[in-house]
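Open the model in a viewer and keep the selection panel at hand. The stops below each give a selection and say what to find there.

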Amino acid sequence: MNYKKSACIGMSAILLTSFIAGCGNDSGTSTTPGSSSSKPATKNKELKIMMSYHPSLEQFQGSDNMNSNKLVKQLKEKSGFDLKFEALPKDNPSQKVSIILASGDVPDLIRINNKSDYFKLAQQGAFEPLDDLIKSSIPTLSAMITPEILDATRFEGKVYGIPHRVAQKVGNGLLERSDVMKELNLKDPETLDDFYAKLKTIKEKKNIAPLTAMASNPGAFTNSFTPFAQAFGVGMTAVTKNNKLEFSWLQPEYKEFLTTMKKWYGEGLIDQEFSINKDVKDKLINGTAVFTTTAWSDAQTIDRSMKDKNNGGTLKFIAPVVGKGGQSGFPEERPIGTYWVIPKQAKNKQGAAEYMNFIFGTEADKLLTYGIEGEDYKEEGGKVVQTAEQSNAIPWRTLYFLGDSDPSFFARLGAKGFLPYYEPLIPFKRNRDETAYAPSVEAYDTKFNELRNYAEENALKFIMGKRSLDEFDKFVQEFNAKGGKAAIDAMNEWYTKKK
């Protein structure tokens, strides 16, 4: 893939060329390796950090703000840096990033919010290569980011950004109204055929469409029907066939999946309003549906609403149903969402690296996870004890993360009461989407949303009988004509080299 042919971002395309040529090395800094607890080796103690907008910015109390609060004071003291934080605007952050980088008045560390911006700006030369700094000054990174994930940030062989680690392992699950199953003396379904049989029983006994879903927004159909597509081996964006990646939506197995869903829909087993549903929580709460695919956070809302209504409803996440050949599962969460970069013109590159090393260390992680000992938590028997009220009193602490550790993620879920809904999903099978580990592939990335939306649009038509499944091969031709073949061919240029 020739990235140098990719389009540049707005006005920065012209201005970046002029200022990059004049960039030199940091002055007055030391390259002594940092550690998570040592004071900075660099003589430059000033550090400017540009973070993304987050609703937590609105949650400060009294005179506190992002640059003046009890945790920032601790971060400054423990890191040894004079920290100055700014936030990108809520709207059009990419445009603001381009303006900042083009101006020459840049922060030392900035968060880039999407893959496209990251690789385009790396191609322009806007960022400092990080391989040497990682090796010399960020040893704690290895506990946060695997080499494979770091490799996914490489442009022309060099790392220009540190991924903001995603601790969440899984997002959605197959949710069941377990009280209804108990009422009808039904066991949890295990296979696709078993699931179908139980849907039929529920419809006969309760006169409802037992499976609800939502498909009114882009991506919603894919998320809602993932466990059933996975039972046919086509629940991911791409599948591997003959050592190459292929779009799942074009496979014969996907046609089998659609044929099965069409049968279920025709028999009234799937909510007849699923294509226009924007939400499914009310149908689970009211008992007009028994199964749906939903996020663990929504499961908490449903559960609490049923308890408030005192309607006897109970919930549980069940294992994804198994299809032929033992195929099943949910997608694992994508490992990279955003990137931390050091601009080429940054005044304190060494300091930025050392600060990252500090934040990725255990001392800073504990501070940002729990707050200040004796005030926000206490320790008993070597374990942290923190009430939900104490945790929720400092919600803005997540602003200062450069990545999310597992202990921090679980601590926050526990404080908010999410663990009983998240933890049951962890043992279930998760499948990896290889494209999630790819660097920027322009022909794929620029067409992906359009191609996914076209696949979902036609999936709805096939299931609802608005287009005959006899036209599936024609759909495949249409999809490829819209850029599908070029997209997957470009992705395979990376995939075949990776192997």
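Predicted model: local features only at pLDDT ≥ 70, side-chain atom pairs only at ≥ 80, totals over all residues.

**Stop 1**

Colour the strands of the open sheet, which run in the order 2-1-3-13-6 with mixed pairing. Its edges are strand 2 (82-87) and strand 6 (162-163), each of which pairs on one side only. Then select residues 109-112 and 339-341: these are strand 3 and strand 13, paired in the antiparallel sense over three bridges. Show R111 with W340, its bridge partner in strand 13.

**Stop 1: a hairpin**

Move to residues 238-241 and 244-247, which are strand 8 and strand 9, antiparallel and joined over four bridges. Within this pair, V239 is set opposite E246 of strand 9. The two strands make a hairpin with two residues between them. Pick N242 in the turn to find a positive phi of about 55 degrees.

**Stop 2**

In soluble globular proteins, nonpolar side chains tend to be buried together.

Stay on F257 and display its surroundings. Which residues does F257 touch, leaving out those up to four places away in sequence? They are F221, F225, F228, A229, F232 and V234.

**Stop 3: the largest pocket**

To centre the view, select T237, R334, D433, A436 and F448, which lie nearest the pocket's centre among its 38 lining residues.

- helix 4 (115-124), helix 9 (220-224) and helix 10 (226-230)
- helix 11 (252-266) and strand 12 (330-331)
- helix 19 (442-445) and helix 20 (448-464)

Helix 9 provides the largest share of the lining, three residues. Coloured by class, the lining of the largest pocket shows 20 nonpolar, eleven polar and seven charged residues.

**Stop 4: the second largest pocket**

The second largest pocket holds about 650 Å³ of space. Select H54, T398, F401, D404 and R412, the closest to its centre of the 29 residues that line this pocket. Helix 16 (388-392) and helix 17 (406-415) each supply at least two lining residues here, and helix 17 gives the most, with three. By class, the lining of the second largest pocket divides into eleven nonpolar, eleven polar and seven charged residues.

**Stop 5: the largest cavity**

Keep F401 and D404 selected, as both also line the largest cavity. The cavity holds about 70 Å³ of space, and the structure has five cavities of 30 Å³ or more. The lining of the largest cavity comprises six nonpolar, four polar and two charged residues.

**Stop 6: G312**

Finish at G312, in the loop between helix 13 (296-309) and strand 11 (315-318). Is G312 buried or exposed? G312 counts as exposed because its relative accessibility is 51%, and the cut-off for exposed is over 50%. Show D179 as well: the C-alpha atoms of D179 and G312 are separated by 7.3 Å, although the two residues are 133 residues apart along the chain.

Terms used: Residues numbered from 1 in each chain as written. Heavy atoms only, no water. Contact = heavy atoms within 4.5 Å. 1 Å grid on protein atoms, 1.4 Å probe; cavity = no way out; pocket = protein on both sides within 12 Å on 5 of 7 lines; lining within 4 Å. Points joined across faces, edges and corners; volume = space filled by probe spheres on them. Nonpolar A, V, L, I, M, F, W, Y, C, P; charged D, E, K, R; others polar. Buried < 20%, exposed > 50% of the residue type's maximum accessible area, 1.4 Å probe, protein only. Pairing = 2+ DSSP bridges.
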